[in-house]
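Dear colleague,

Here is the structure I promised to pass on. My notes follow below it.

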Amino acid sequence: MDIKLYGADWCIDCRVMKNFLDKKELDYQYIDITKDKTAVEIIKKINNGKKIIPTVIINGISYSNPGILNLSQIIR
């Protein structure tokens, strides 16, 4: 499973999502949008110009702030 998590360290939802993925022992790539200007443009393109975090891409499909319940159903 290919997982990319776009977020920021100051974002509580992003930290919760990182903790969830860590507890599930899933490999994922975390991209901090405060340190990567290209990442900002990627998530704005995904979210119709809005900078929504966390944005998660799983196997090429993007999810904008899916929440833990939805994420747990997606990664079954």
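V56 stands opposite Y63 in β4. Four bridges join β3 to β4, and the two run antiparallel; strands count as paired if DSSP finds at least two bridges between them. Helices (H or I, at least four residues) and strands (E, at least two) are DSSP runs, numbered from the N terminus. The hairpin of β3 and β4 has two residues between the strands, and N59 there takes a positive phi near 50°.

This is a predicted model: local features need pLDDT of at least 70, side-chain atom pairs count only at pLDDT 80 or more, and totals for chains, interfaces and linings use all residues. Residues are numbered from 1 along each chain as its sequence is written, and side-chain values use heavy atoms, with hydrogens and water left out.

The open sheet has four strands in the order β2-β1-β3-β4, with mixed pairing. β2 (29-32) and β4 (61-64) are at the edges with a single partner strand each, so one side of each has no neighbour in the sheet. Strand β1 (residues 3-7) pairs with β2 in the parallel sense over four bridges, and G7 stands opposite D32 in β2.

Now the loops. Between α2 (37-46) and β3 lies P54, and the peptide bond from I53 to P54 is cis, with omega near -5°. N48 is in the loop between α2 and β3 and has a positive phi of about 55° although it is not a glycine. Most residues other than glycine have a negative phi, and most peptide bonds are trans.

Regards
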